[in-house]
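Colleague: I would like to learn how to read the packing of helices and the lining of a pocket, taking one feature at a time.

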Amino acid sequence: MGFFILGGLSITGQIWMQIFVTILLVYMLWKYRSDSLLVFLVMLFFSRVFIFMGKNVENLYKVLLLLMCLYTCWERKVWTRYTTKELLYVLVFIILSASFFYSTVFYSRDSWTIIFSQYARYLEIFLLWFLLKDAIFYRNEKDKILQFLYEVVILQIIISIFKLVIFRHQIEGLVGSFTIGGGAVGTSFPIIGFYIIYVYRRGQLQKMDWWLIVGLFLFGWTTGKRAVWIILPIIIMLFFSYVRGVRFNKYMILGLLAFPTMIYIGARWSPTL
């Protein structure tokens with residue numbers, strides 16, 4: 001089993017990056033240890049720790065992430081709160097899942113570890129909708145989740161600063177705590193990060209938040225993503241021109257949380273996006 005080392009970069013620097021991000025992972029797991037949903041989200045957002053350890057560990061991590069997601073659904077009993085329309089969604093997903101396993105079992109020679117790691121991405125997205133809905137509508141945890149996501153944004157900016165200090169130039173493949181070897185999240189996260197900051201503050205940004213927005217530009221720069229410097233200013237302008245003053249109800253909070261999360265997961269699993 002070999003580590004995932006990017007060519008052309010200092011191995012020592014990459015090891016220091018791994019140590020630093022792992023320390024932040026342990027800190028976040030300890031801080032939110034009493035909340036299974038937030039522990040799952042911490043593990044989801046710190047995938048680069050496990051990617052660095054090699055393909056076998058990465059595949060096991062994906063399976064573990066799926067088991068954590070299933071456990072969280074069981075612990076919170078999300079299946080007790082559903083609508084008739086959601087039952088139809090579940091039925092469709094079960095049919096698609098059966099099709100997936102049929103095709104992989106009979107037409108693929110991959111190991112079960114790889115098969116489950118591939119399936120995990122779809123099931124996690126599907127279940128995450130119900131987990132977020134349960135947390136926001138039935139447990140009144142929207143403020144806690146927003147606070148958590150706000151902290152994730154801060155940590156990603158800190159990691160990007162640490163990366164810049166270690167390597168002193170742009171590196172597309174090292175993207176915060178998210179991934180190694182894929183730069184798609186480097187474009188999407190600054191946009192999602194602003195989204196989170198704006199919703200967390202209900203559109204009333206403070207001085208600290210503007211410094212974080214500067215940090216998001218730095219995040220994009222350290223990953224070599226020029227599109228961030230074009231797209232993010234446009235999005236900021238649109239938000240403050242057309243969205244300011246809108247009252248946030250539970251349905252809007254759910255959508256605002258779920259939408260960027262799905263974009264992030266899609267970008268994470270699609271490095272060429």
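Colleague: In which hand, left-handed or right-handed, does H1 pass H7 in their crossing?

Modeller: The model is a predicted one, in which local features need pLDDT of at least 70 and side-chain atom pairs count only at pLDDT 80 or more, while totals for chains, interfaces and linings use all residues. Residues are numbered from 1 along each chain as its sequence is written, and side-chain values use heavy atoms, with hydrogens and water left out. A crossing is left-handed if the near helix is turned anticlockwise from the far one by less than a right angle, and right-handed if clockwise; H1 passes H7 in a right-handed crossing.

Colleague: At what angle do H1 and H7 pack, and how far apart are their axes?

Modeller: Two packed helices are described by the angle between their axes and the distance between the axes. Axes are lines fitted to C-alpha atoms, for helices over the stretch in contact, with angles from 0 to 180 degrees between N-to-C directions, and helices are DSSP runs (H or I, at least four residues) numbered from the N terminus. Here H1 and helix H7 (residues 142–167) pack at about 160°, their axes being 10 Å apart, which makes H1 roughly antiparallel to H7, a term for angles over 145 degrees. Contact means heavy atoms within 4.5 Å, and the residues that make this one include Trp16 and Phe20 of H1 and Leu155 and Phe162 of H7.

Colleague: Which residues of H1 and H2 make the contact between these helices?

Modeller: Helix H1 (residues 11–31) and H2 pack at an angle of about 170°, with 9 Å between their axes, and are therefore roughly antiparallel. Leu25, Met28 and Leu29 of H1 meet Val39, Val42 and Met43 of H2. By class, this contact has 6 nonpolar, no polar and no charged residues, where Ala, Val, Leu, Ile, Met, Phe, Trp, Tyr, Cys and Pro count as nonpolar, Asp, Glu, Lys and Arg as charged, and the others, Gly among them, as polar.

Colleague: How do H2 and H4 cross, left-handed or right-handed?

Modeller: The crossing of H2 and H4 is left-handed. Helix H2 (residues 36–45) packs with H4 at about 160°, the axes lying 9 Å apart, and the two are therefore roughly antiparallel.

Colleague: How many nonpolar, polar and charged residues does the lining of the second largest pocket have?

Modeller: That lining has 13 nonpolar, no polar and 2 charged residues. Helix H4 (55–76), helix H5 (84–107) and helix H6 (112–138) each supply at least two of its residues.

Technical notes
Parallel < 35°, antiparallel > 145°, perpendicular 65-115°, else oblique.
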